[in-house]
Amino acid sequence: MSAEIIGFDKNNKRISTQQLLQQIYAALERGETEFQVLSSGHHDIGGPLWTEDGTPLKFRVKNPGQRVGSFGLDGTQIIVDGPAPADAGWLNAGAELIIKGDSGDTTAHCAAAGKIFVAGRVGTRSGSLMKHDPAYEAPQFWILKNTGSFSFEFMGGGIAVVCGVDCDQFDSVLGDRSCAGMVGGTIYVRGPVKGLPDDVWLLELDDADREFLLQGLPDFLEKIDRRQKLEEVSDFSQWKKIVAKTYEERRLRHAMRISMREFRLNKWVGDGGIFGDVVTDDYNHIAGLVNSGDDRLKIPHWQNKAFCAPCEAACPSSIPTQDRINLLREGKYKEAIELVLKYSPFPGSVCGEVCPNPCMDACTRQYIDLPVSMQALGKLSIEAQSPEPNAESGKKIAVIGGGPGGLSAAWHLRLLGHGATIIEADKEVGGKLRQVIPSDRLPANTLGSEIQRVKEMGVAIQTNAPVDKEMFRKLREDFDAIVIASGAHNPVVIPFPGHERLVKGLEFLKDVNNGLNPTVGEKVVVIGAGNAGMDVCLGAYAMGAKQVTAIDIQRPAAFKKEIDHFTALGGKIEWPVFTEKVDKQGLHTKDGRLLDADTIIISIGERPDLSYIPRDWLSERGMADVDECGQLVKAPGVFAIGDTIEPGLLTHAIGHGREAAEQIDDFLAGKQLKAKKKPPMISQSCLSKELFRPHNRSRFNFTDATKETSRCISCGTCRDCGMCLEACPEGAIRREEPATGFEYISDDHLCIGCGICAGMCPCGIWGMEQVV
């Protein structure tokens with residue numbers, strides 16, 4: 001049985017080429033190796049495809065579009081029942097393409113291997129740029145009738161056979177101006193030929209030629225169902241062959257020409273030259289058409305890690321996922337799972353559970369199939385061993401607040417060798433990770449193990465210790481620096497009539513997580529449809545609500561997966577909705593509607609309580625007023641992070657914590673503080689995404705995070721694949737291993753600035769500098 005691939009939907013409407021190719025990919029994933037394709041001008045059927053075990057593939061196609069069999073690989077056979085349009089067999093790399101009719105322009109263009117059989121005529125520029133890599137069998141191109149004009153121009157290798165059947169009406173079976181620029185290969189032709197350039201020979205056949213045709217013609221005619229033509233084409237007195245003249249033969253013909261130097265000095269400039277009165281140059285150094293060294297127009301540079309990967313650029317904690325995956329690719333599992341701890345102490349709790357993963361939204365792999373699973377990678381590091389901290393510095397830093405930002409700051413301060421003491425107002429550290437996120441979103445054991453890892457790093461923790469002005473003054477005296485990481489815990493309430501009836505969302509979630517089981521009615525309305533609002537909605541359902549409605553004045557800001565979770569429980573979201581008042585009946589909107597509600601909860605954000613620091617240290621918005629290094633403008637040695645400076649995600653606070661620790665390290669060392677900026681993000685145009693095979697999105701089954709090594713593109717970071725080294729036509733690139741790592745170097749004396757290294761690099765590492 002063969003797989004049937006239909007180019008029409010149930011309504012007999014043509015589907016897109018992408019949809020048809022996805023059908024082929026899906027069948028291939030199922031193990032199918034034979035395909036019956038009913039096309040309607042769909043492109044690119046038949047290549048480049050392969051099976052992991054090397055089982056041959058066979059396609060039978062009707063009504064294909066352009067590029068049928070293009071990039072076809074060894075082990076693939078494509079049979080076209082009828083004619084084919086342009087670019088058939090373009091860049092053929094080993095497939096057997098049989099076209100049982102005419103074929104369009106540029107058939108077999110750039111063919112490098114395999115065989116192409118055409119049971120009719122071929123169009124303009126067919127056979128152009130055919131080539132032969134001596135490591136492989138030469139490509140073959142068999143044509144029953146004749147070719148269009150400009151055929152076989154710039155041919156560099158391979159074998160073409162033009163049988164000239166039914167071509168008595170033509171002056172030349174190769175059309176006009178065939179074989180222009182031909183430098184290699186052999187063309188066997190039967191019938192009249194005219195207009196060949198002086199750079200080729202038209203020769204009689206020798207015994208080897210006749211033997212080749214005797215063996216090949218029966219097979220060709222059999223494949224195109226024209227066996228009856230064998231006798232007609234077997235009269236070898238009607239055949240000739242065309243080969244390119246050698247370099248020496250062509251040079252001899254041009255021997256009478258003056259040299260370029262003579263032309264420049266005598267015709268172009270110099271005495272009597274048309275530009276002699278405006279140009280003065282002795283022409284002792286003439287740059288050729290292809291140059292190395294200082295005469296190149298472009299110079300390649302190996303720019304490893306000069307640019308951020310999109311995932312790293314989008315991650316507020318700046319986690320270089322591409323580095324983790326490269327370590328996994330090298331088999332360094334321990335180093336890979338521990339690397340993330342240099343950026344965040346919460347890879348399992350945040351990256352693996354509650355983070356909306358903006359890194360996945362930015363991942364380049366999404367343009368091929370699906371983003372790399374950062375969540376699964378994060379969970380790999382839950383039990384990772386802590387890195388070894390630097391030597392003790394003897395310095396002490398107080399961290400006010402034990403939420404994710406404060407824990408991150410303390411963690412990174414300890415890694416840098418400094419003493420860190422967390423001052424926490426609650427009974428336990430963890431902040432909103434512990435206080436408000438439902439346990440079905442963040443397992444308690446995951447958070448508990450990661451907090452324990454912070455404690456075991458040597459972070460001192462004081463709980464049930466709210467900070468007031470006096471305590472803050474004392475902390476400044478006793479510690480070398482301070483990090484303000486107390487977060488935002490004062491809920492925002494809009495003073496419309498009846499606002500005193502509102503339940504504050506943050507307090508509600510804290511009660512839920514503390515096991516106090518706050519009472520809610522059957523009908524609940526939640527004001528605010530951000531991520532926190534979705535947590536409140538889920539909490540309301542957990543406390544027994546029958547119907548929960550979330551409202552907002554704008555498009556809900558919650559992430560899609562949070563909204564999907566809520567709506568799957570039966571929740572509704574309405575927007576834009578403006579509240580007029582709240583009473584015992586429910587919520588009244590400004591457009592005159594009543595939303596029945598037994599309980600109304602407001603969750604539109606929180607503000608920080610910074611009453612323990614002087615008011616003139618605050619900005620106009622009531623936030624800590626910091627410079628670009630996170631240091632308070634009016635308090636050297638005091639740094640603020642997270643929601644105390646601007647609202648953000650948990651992972652923003654974690655990233656701020658690391659940045660604050662690094663700035664404090666410089667501050668304690670007496671260095672001038674400078675803002676730390678990420679490298680620019682690499683452009684998608686630099687990445688060769690077409691080198692990666694896409695998975696079928698609908699059938700993608702993720703089971704093992706370590707297998708993401710085959711999918712990550714490693715944007716901006718060299719994956720040491722060696723493709724540039726192999727592809728360089730001049731052999732100008734070499735790989736070296738200095739004291740640490742590796743590097744690729746381009747030799748200026750050999751490099752011609754062609755840019756193939758940049759074009760082949762899947763990671764965008766090679767950049768081409770334009771010489772001015």
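Modeller: Helices (H or I, at least four residues) and strands (E, at least two) are DSSP runs, numbered from the N terminus. This is a predicted model, in which local features need pLDDT of at least 70 and side-chain atom pairs count only at pLDDT 80 or more, while totals for chains, interfaces and linings use all residues. Residues are numbered from 1 along each chain as its sequence is written, and side-chain values use heavy atoms, with hydrogens and water left out.

Biologist: OK, then where is V503?
Modeller: V503 sits in strand β18, which covers residues 503-504.

Biologist: Is V503 buried, exposed or partly exposed?
Modeller: V503 has a relative accessible area of 31%, so it is partly exposed; buried means under 20% relative accessible area, exposed over 50%, and partly exposed in between, with a 1.4 Å probe and protein chains only.

Biologist: And how far apart are V503 and T51?
Modeller: They are 452 residues apart in sequence, and in space their C-alpha atoms are 61 Å apart.

Biologist: Switching to charges, how many salt bridges are there in the whole structure?
Modeller: A search of the whole structure gives 43 salt bridges, where a salt bridge is a side-chain nitrogen of Lys or Arg within 4 Å of a carboxyl oxygen of Asp or Glu. Side chains of opposite charge can pair when their charged atoms come close.

Biologist: Which residue does R60 meet in a salt bridge?
Modeller: R60 meets D81, with 3.0 Å from N to O. This pair links distant parts of the chain, since R60 is in strand β3 (residues 57-62) while D81 is in the loop between β4 (76-80) and β5 (93-99), 21 residues apart. R60 is partly exposed at 27% relative accessibility, and D81 is partly exposed too, at 29%.

Biologist: What about D666, which residue is its partner?
Modeller: D666 forms a salt bridge with K676, and their closest N and O atoms are 3.4 Å apart. Because D666 lies in helix α19 (residues 650-668) and K676 in the loop between α19 and α20 (723-727), the pair ties together parts that are 10 residues apart in sequence. D666 counts as buried at 14% relative accessibility, whereas K676 counts as partly exposed at 42%.

Biologist: That loop between α19 and α20, does D720 belong there or in a strand?
Modeller: D720 is in the loop between α19 and α20, and its partner R735 is in strand β28 (residues 733-736), 15 residues apart. The side chains of R735 and D720 meet in a salt bridge of 2.8 Å, N to O.

Biologist: New topic: which residues make the nonpolar surface patch?
Modeller: I258, F263, W268, I274, F275, V278 and V279 make a nonpolar surface patch of about 620 Å². Patches are made of residues with over 30% relative accessible area and no salt bridge, with like charges joined within 9 Å and nonpolar side chains (Val, Leu, Ile, Met, Phe, Trp, Tyr) within 5 Å; the areas come from the Shrake-Rupley method with a 1.4 Å probe, and for residues only the protein chains shown count as cover.
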